[in-house]
Amino acid sequence: MTTDRIAGPDTRRSFLFVLGSSRPDGNTEALARAAARHLPADTARHWLDLTGDPLPDFQDGRHADGTWPVGAQEEELRRITLEATDIVIASPLYWYSLSAPAKRYLDYWSGWLGVPGMDFKRRMAGRTLWGVTAMAHEEEVVADGLVTTLHHTAAYLRMRFGGVLLGNGSKPGQVHSDERAMTRAETFFRREAPLALFPYEDGYEAPVRP
């Protein structure tokens, strides 16, 4: 797991970009960086590559006896997650959902929910969850499974959901030729991010693709 921090003098808003691709410098990362370039210059940005030092498989110890051991890697991951006001899951579309590294990162959130004194759910409420994904398919509806996963995750934690920035690309660098995606990237993080609600809740609105 490698990180790259870019922070400005005004850290009131801080973006954590979680890169979950199994290919370095892939299309999803390229699209995420294209969108990040249009953030205000004083916005803090933290880039986290999940594949540089992969997380071990999550083991659910919430209902087990004793204390669940936490390594330095997980401690750092929790810290930078809780420091961010905006979390961007940048995952290619793998089998119509998140990549394994990105899904594993969210699985760790399940464990943090039960850590005494952490108040993970309460502390995440009101923050904003975003998604960025590149896919080989040109029909964007095939990414609905990934969108639903992120939206419902935000709804459970009472986060805001900014939507998913979609782009087309399979070969390295191909997403740069997707003019529609690159145009969307320019204004993606300027979108209003409504509070995410489950479909059974009053006021629910289906997430709209940007």
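A search of the whole structure, which is a predicted model, finds 10 salt bridges. By salt bridge I mean a side-chain nitrogen of Lys or Arg within 4 Å of a carboxyl oxygen of Asp or Glu. Side chains of opposite charge can pair when their charged atoms come close.

Take Asp-86 and Arg-13, which form one of these, with the closest N and O atoms 3.0 Å apart. This pair links distant parts of the chain: Asp-86 sits in strand E4 and Arg-13 in the loop between E1 and E2, 73 residues apart. Helices here are DSSP runs of H or I with at least four residues, strands are runs of E with at least two, and both are numbered from the N terminus. Asp-86 has a relative accessible area of 2%, so it is buried, while Arg-13, at 35%, is partly exposed. The cut-offs are under 20% relative accessible area for buried, over 50% for exposed, and partly exposed in between, with a 1.4 Å probe and protein chains only.

Two other pairs are within helices. Arg-33 forms a salt bridge with Glu-29, and the closest N and O atoms are 2.9 Å apart. Why can these two residues meet? They are four residues apart in helix H1 (residues 27-36), so about one helical turn separates them. Arg-33 is partly exposed at 28% relative accessibility, whereas Glu-29 counts as buried at 16%.

Salt bridges with shared partners join Glu-76, Arg-79 and Glu-83 into one network.

Staying with H2, its 12 residues reach 17 Å from first C-alpha to last, close to the 16 Å expected at 1.5 Å a residue. The expected span is 1.5 Å times one less than the number of residues. Which residues of H2 are buried? They are Glu-74, Leu-77, Arg-78, Ile-80, Thr-81 and Leu-82.

H5 can be checked likewise: its 13 residues should span 18 Å at 1.5 Å a residue, and the end C-alpha atoms are 18 Å apart, which agrees. Its buried residues are Leu-146, Val-147, Leu-150, His-151, Thr-153, Ala-154 and Ala-155. These pack against E4, H3, E5 and E6. Just after H5, Arg-158 takes a positive phi of about 60°.

Now the packing. A nonpolar core, as used here, is a set of buried Ala, Val, Leu, Ile, Met, Phe, Trp, Tyr and Cys residues joined through side-chain atoms within 4.5 Å. The largest has 38 residues, and those touching the most other members are Ile-87, Ile-89, Tyr-105, Trp-109, Leu-129 and Leu-150. Elements giving two or more residues to this core include strand E2 (14-19), helix H2 (72-83), strand E4 (86-90), helix H3 (100-112) and helix H5 (144-156). H3 gives the most, with six residues.

What does Leu-129 touch? Leaving out residues up to four places away in sequence, its contacts include Ile-87, Ile-89, Trp-109, Leu-150, Met-159 and Phe-161. A contact means heavy atoms within 4.5 Å. Apart from this core lies another, of 22 residues, among them Ala-34, Ala-36, Met-182 and Phe-189.

For the chain overall, there are six helices and six strands, in the order β-β-α-β-α-β-α-α-β-α-β-α from the N terminus. Of the 210 residues, 48% count as buried. Among contacts between residues at least 6 apart in sequence, 81% join residues at least 24 apart.

Last, confidence. The chain averages a pLDDT of 89, and 88% of the residues score at least 70; pLDDT is the predictor's confidence in each residue, from 0 to 100. The mean is lowest in strand E1 (residues 2-6), at 60, and highest in E4, at 98. Where pLDDT is low, the predicted coordinates should not be read in detail.

On method, local features need pLDDT of at least 70 and side-chain atom pairs count only at pLDDT 80 or more, while totals for chains, interfaces and linings use all residues. Residues are numbered from 1 along each chain as its sequence is written, and side-chain values use heavy atoms, with hydrogens and water left out.
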